[in-house]
Amino acid sequence: KKDKKKKKKGRRRLVASEPKLLADFVGLLAGKRLGRTGIDIMPSEAGRVALLRRVLRHPDAALRAQATKLVLKALAMTVKRAGRLDTALAVHYASVREALFARERRLDSENVAGAAEAAEEVAKALPRLLRSSSSAAASSSSGTTTAATTTTSPRAGEDRGGEGGGGGGAPVHVGGMREFVDRYDAFLIDQFGVLHDGKRAYEATIDCMNKIRESGKPVLLLSNSSKKKDGSVARMEKLGFSLDTFQDLITSGDLVWSGLKANSNDGVGTSREEELFKPFKGKKVVLFGNGDDDEEYIENLSTPSEVSSAEYILARGTFALLRGAGVEEVADIDVFRENMKACSDRGLRMLVSNPDLVRPDGKDSPMPGLLGEMYEKDFHGAVAYVGKPHGYIYEHALNILRRDFGITDPSRICAIGDVMYTDILGAENNSLASALILDGVHAKEVGIEQSSGDRPSTENIDSLLKQYHYRPTYLMDHFKW
């Protein structure tokens, strides 16, 4: 109807390129009656976040501007009609900048900047709305309004464990995979901190993988490893895992290698690979390596170079610095910082092939994701991440499940990992169910030893979860059947 009206003289009217997307967005926020069934449909919090992310990150500036206004109207409407603010929804909006942009960078930095500005406007307007309904919200038992987290009880009669996406509900603490394996059609399982530590398989994990195989459910191993797929598969076999217990193994390092290959002079890749890795088409690279297979990995893709002649940075490890062919030196954080400063002065982009911040080795040893954060925060450099929780690795996994197994419903897929800000956030952003393994990276925070299988106290678990605005669907002390 608006499109039929004439533009008012002297005023510019924004027209979005995808009006139906906006209509669906605001309709779902309001719990609108959809279709002919007359059933009130209110999406899960994961669904709302997914919609919010899509419109606020859309390349169409007009659509982003309209989305921002609609978000504020939706919040105002809940205050006016319900007498209180939908606290769970508001908290998601308030934390959208931290949750969706601080940890989910896109290679297209201009789109991220535009989307972040829109999210910032929403966050600035929220205090006024929160104040206007503070008394009612304080008396509500459905959630707790904070700047960082929300805990919402499941709806009456709802089996919380069957939902896709962690949302804001209380997770179900289970004794093992047997308690929920039948609820899902496929599983995405992390390697390090869940199945093994790189040197040995954890107790009961091989048996658990065998039991999942017997259930007939496909398993994709999803790993933030800087190594290529073949090396990771060989390690799984060496550690005692049968190769028929998983249908594929996807590493962030393999995706980066394929993407760089697609953008090399002789490479032919998918349009998606070409789009994502176009900023890293140069041949000369400053390589932060693992000190193991760096030269083999980069061979025929790029040439390790000094900062003065490099065209980009590749961070795939925290142990070595490659200055040229055959010239590798042991490096520490100070060496990396010195080189990052020089790279930043030249405006070089960094590509991180492992977004993990720390290693599950009991020492919290630094990982490439930490170098990426340093480059962004301390040197204001541009960084692109490939791996969990970022979208590309999930696109790849979900495409495999769709193509090879006909599995299309994300709520019927469960992601299992030991890190809240990679495994669980990635599942949340893709509307997947999730299970957090407590004796992995977060073991120290919940007061137990890594890979011990001990049960943390409820107080320690609550303390961990309160640091995040999203939740896993399940909690498991250890990966076991």
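The entries below follow that order.

**Basis.** I worked from a predicted model, in which local features need pLDDT of at least 70 and side-chain atom pairs count only at pLDDT 80 or more, while totals for chains, interfaces and linings use all residues. Residues are numbered from 1 along each chain as its sequence is written, and side-chain values use heavy atoms, without hydrogens and water.

**Sheet.** I took helices (H or I, at least four residues) and strands (E, at least two) as DSSP runs numbered from the N terminus, and counted two strands as paired if DSSP finds at least two bridges between them. I found an open sheet of 7 strands with parallel pairing, in the order β1-β14-β13-β12-β2-β3-β4. Its edge strands are β1 (172–174) and β4 (248–251), each pairing on one side only. I looked up the join of β13 (residues 433–437) to β14 (residues 474–476): the two run parallel, with 3 bridges. L436 has L475 in β14 as its bridge partner.

**Helix across the sheet.** For angles I used axes fitted to C-alpha atoms, for helices over the stretch in contact, on a scale from 0 to 180 degrees between N-to-C directions; contact means heavy atoms within 4.5 Å. Helix α15 (residues 391–405) lies across β2, β3, β4 and β12, at about 170 degrees to β3.

**Helix α9.** I call a residue buried under 20% relative accessible area, exposed over 50% and partly exposed in between (1.4 Å probe, protein chains only). In α9 (residues 229–238) I noted S232, V233, R235 and M236 as buried. Down the axis of α9 they fall within an arc of 160 degrees, so they line one face of the helix; the arc is taken from the directions from the helix axis to the C-beta atoms. These buried residues pack against β3 and β4. Exposed D230 and K238 are on the face turned away from the buried side.

**Rings.** I paired rings of Phe, Tyr and Trp (its six-membered ring) with centres within 6.5 Å, calling planes under 30 degrees apart stacked, over 60 edge-to-face and the rest tilted. The count by this rule is 8 aromatic pairs. Y184 and F187 have ring centres 6.2 Å apart and planes at 75 degrees, so this pair is edge-to-face. F280 and Y312 are also edge-to-face, at 5.7 Å centre to centre and 70 degrees between the planes. This pair links distant parts of the chain, with F280 and Y312 32 residues apart. I also noted a cluster of F180, Y184, F187 and Y474, linked by ring pairs.
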